[in-house]
Amino acid sequence: GRNAVRLFLPPMQQEADTRLALERGLRTALEQERMPAQFALHFQPLVSRQGDLLGAEALLRWRHPQLGELSPSVFIPLAEETGLIHALGAWVIREACAHIRAWDRDGVAFGDRLAVNVSAWQLAQPQFAAQLEAEVRGAGVEPSRLTLELTESALLQDFDSALDTLRQLAAAGFRLALDDFGTGYSSLSYLQRLPLDVLKIDRAFVSELHPSASTPLAGFIIDVAHRLGVAAVAEGVETVAQRLALERLGCDGLQGYLICRPVDEAGFRQWLAEREQ
Ligand code: C2E
Ligand code: CA
Ligand code: CA
Ligand code: CA
């Protein structure tokens, strides 16, 4: 497939078997109403440079009956190749809205917004913006309470139609973040045309930050964000030195293990409660 000829030697055969098994598992988990048992959203808080809570990012987890917890970097690409991403993405949105409603009901102050990751394949669906708005409003949630995190590759496949969809999403009130910024190929002129609210600095640029770095690329990205009039959020902040460097560079938002690891819903509520004391 994909213009490539492959020889299936034993290790590759094994890999293919694993893939097939995963694909079958994904299909089953999605088809039968077993989803809540196997899939879950975990949450990672996002704080401002000053340390105030801004919100959280929802990160999908799949608890495979045999293989245990699988990383989305394993099963999201598979879901995309098989088209299952549409069902999975819809579930993520429904679940995110359900959590927002539950937190509101229980008076859990999680910040202004919840961020969800949206795949290129979802974005490319015709009517994506209108359907998403209807779904979110239907769930009793204002679109402005969601930030949609999109990757550069999602936008560059068909820039004009992506731009059109982004404009519709922005008009509906969704906040838009460009994820993993700096790892893709978007040119600055493209960037300027997108109705973005946030640039997320990829972890690769954060991990190279140290006190003596004279011209870190993260600083350049933060300047680009500010020139575009959007907020800069750093992901993967793991050390105090990185945090201090980002603060000095004027980064607006911080996310990473240093602040909190992604945690399940109960863990998130506990983190919020402990913070309040
Ligand atoms: P991402 O959007 O760039 O998410 C950040 C990843 O970095 C997450 O990995 C998170 O757990 C991890 N992370 C957070 N803080 C730190 C840190 O301080 N250090 C390190 N080393 N890692 C940190 P995760 O949860 O495995 O997700 C991987 C990717 O899968 C995400 O990357 C995102 O692109 C995708 N993904 C996750 N959930 C969804 C979803 O619901 N839908 C779609 N389409 N993609 C998703
Ligand atoms: Ca993300
Ligand atoms: Ca990211
Ligand atoms: Ca990343």
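Q: How many of the seven residues of β6 are buried?
A: In this predicted model, local features need pLDDT of at least 70 and side-chain atom pairs count only at pLDDT 80 or more, while totals for chains, interfaces and linings use all residues. Strands are DSSP runs of E with at least two residues, numbered from the N terminus, and buried means under 20% relative accessible area with a 1.4 Å probe and protein chains only, exposed over 50%, and partly exposed in between. Asp-179 counts as buried at 7% relative accessibility, and β6 is mostly covered, the number of its buried residues being five.

Q: Which residue of β6 is the bridge partner of Glu-149?
A: Two strands pair if DSSP finds at least two bridges between them, and strand β5 (residues 146–151) pairs with β6 in the parallel sense over five bridges. Within β6, the partner of Glu-149 is Ala-177.

Q: Which residues are the protein donors of the calcium ion (ligand 2)?
A: Residues are numbered from 1 along each chain as its sequence is written, chains are lettered from A and ligands numbered from 1 in the order in which they are written, and side-chain values use heavy atoms, with hydrogens and water left out. Donors are N, O and S atoms within 2.8 Å of the metal (3.2 Å for Na, K and Ca), and sites may look incomplete because water is not among the atoms. At 2.1 to 2.4 Å from the ion lie the donors Glu-57 (OE), Asn-117 (OD1), Glu-149 (OE) and Asp-179 (OD).

Q: How many residues apart in sequence are the parts that Glu-57 and Asp-179 tie together?
A: Glu-57 lies in strand β2 (residues 53–64) and Asp-179 in strand β6 (residues 175–181), so the pair ties together parts whose separation in sequence is 122 residues.
Glu-57 is buried, with a relative accessible area of 7%, and the separation asked for is 122 residues.

Note on methods: Helices (H or I, at least four residues) and strands (E, at least two) are DSSP runs, numbered from the N terminus.
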